[in-house]
Amino acid sequence: MVYLPRLSVIVGLVSLTSAAIVARQKEGDISLSAHGEHSSVEGSRPDPGRTTDSELIAEVAETIDQKSGPGVDEVPNQPVPDTIVTVVDGEATGEKSARQSRPAGDRARARRPRAVEDYTQVFAGTGTGASDRDASVQGTAYLTFTLVSNSTYNIEACLDFCSSVSGCVFANLYYEFNNYGLDFEASEQSNLKCAVYGEVHTAVEKTNFGGQQSYPAPAPLIYIQHSGGWGINEFVDPGVPSGYEYVFGPINGATSAPGYMGFVFLDRYDVHACAVECNQRAPDAVGGYCQFFNIWTAVVSGVPTTYTCSMYYTPTDASTATNTGQWNLQVTASRGYRRKNFVIDGGFEGIPCSGTVCLYPSYANWIGTSPPGGTDDATFWYFAEWARRGHGSASLGSAPGFDALPGTITPRHPLATIAGKQYRIEFWQHSSHNSPESQAPSWVDVIWNGVVVLQVRPGYSPWSRYTVVVTASGNDILAFQGGQFPAYTFLDDISAWQL
Ligand SMILES: *[C@@H]1O[C@H](CO)[C@@H](O)[C@H](O)[C@H]1NC(C)=O
């Protein structure tokens, strides 16, 4: 049912004039007599916000050192530590060990078992002649290392090791001489180190020539021989973090869109760690919680240097991924992911309308209900002037002003949540449609599976953001109940974000 604005239907809401409505009446869009007070909600609509600070990201990427490899005394076969956040909004964290753990289950991905043929040699070693001297890789995304039998230059054992380590895409195999620990302490009885990485490295990154004193002086220093590198032929898709949708990539452009919330550097390319950063980022005063992230590899002078994770409160797509780099920095492997809103059409943008104003008691995505004796106590508006963003909003309180009963809105379909997970309900409400006196008793309750989880008693208020965390049972029913004419409650941009 479509109500095109008619006096009998919209007296209540439209009689509470806003300047915009007056203007439209003058244009003849709405044939109503105007009276009542204009209520300003100025300044409460989202501004587009800052755009990505690409210069700062590039500047920090030029100075950060995330390159490493196995230490002289490092114990082999250690589990790969969790991804580390090395920089937050330009400030180094100094983190050396795991700062966060990824949500359980996100890492488990079906992997085709890999074989030696799935790797290609990137660079060769020097050989093992008496005077041959080589260097091992000092590179980003170092994961762990093992010692393989040095009865031969054991490429197969090393690549098998890489295949067994989650996230490994590259192996560096080399002999390390004059390392006391390898010669006497390690049970492997081998000096053939196999270091594995989450990034493919090249020969220019062979910068560790040894030179450390491992045996007591004046014994000779450590030196490296025959350092070869192998990378995987086909990159494994990094997967989609739980609670997110894949949007674009991999491409060589980073997002330069508005709604920017800042960035972190990660010690490896980890979409799951980036999602955790987005989930945990403090909300923006204007835009609310993080709704989109862009992860990419910063290659400085041809060398992978860091992994940028930038965050946004406005979802975007590949069309804004226009930053290909600055100076000697290149953007590579850029991917975008949008946080899934478990409330379908939480912005009420699905309200159909061929004109300027339409209103419905229900529509395809949402159901409005009035209590017995109530008339249009919950209505859905297509009207840009009344929306926080876009065209759609919902109002609680009798639209025609016939009664002072509360209305209820609920999504047409239960939320497709995962039982046991927590979700953050985020929404904007305003109760400034009418005069401050009329709006004083404004109220709205958030109801989750029949239980009131948040009571909002805002009085007279411009668009303001509210949140409440709930636990899902699966197929959850979300509802908003409130409004009592002439104290209207308007709702817009309702979300449920998985935590
Ligand atoms: C193999 O490793 C052991 C332990 O480090 C070392 O003593 C031996 O010389 C190595 N053999 C070769 C051929 O490098």
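Arg-268 counts as buried here, at 7% relative accessibility; buried means under 20% relative accessible area, exposed over 50%, and partly exposed in between (1.4 Å probe, protein chains only). Its salt-bridge partner is Asp-267, which is also buried, at 15%.

A quick word on the ground rules. This is a predicted model, where local features need pLDDT of at least 70 and side-chain atom pairs count only at pLDDT 80 or more, while totals for chains, interfaces and linings use all residues. Residues are numbered from 1 along each chain as its sequence is written, and side-chain values use heavy atoms, leaving out hydrogens and water.

Now for the salt bridges. One of these is a side-chain nitrogen of Lys or Arg within 4 Å of a carboxyl oxygen of Asp or Glu, and the count comes to nine. Here are some of them:

| Pair | Closest N and O atoms |
|---|---|
| Arg-268 and Asp-267 | 3.7 Å |
| Arg-465 and Glu-426 | 3.0 Å |
| Asp-445 and Arg-457 | 2.9 Å |

Asp-445 sits in strand β21 and Arg-457 in the loop between β22 and β23, so their pair ties together parts twelve residues apart in sequence. Strands are DSSP runs (E, at least two residues), numbered from the N terminus. Asp-445 is buried at 8%, whereas Arg-457 is partly exposed at 46%.

Asp-445 also has a bridge partner in β22, namely Gln-455. Five bridges join β21 (residues 444-448) to β22, and the two run antiparallel; strands pair if DSSP finds at least two bridges between them. Both belong to an open, antiparallel sheet of five strands, in the order β16-β19-β24-β21-β22. Its edge strands are β16 (366-369) and β22 (451-456), each pairing on one side only.

How values were computed. Helix = DSSP H or I, 4+ residues; strand = E, 2+ residues; numbered from the N terminus.
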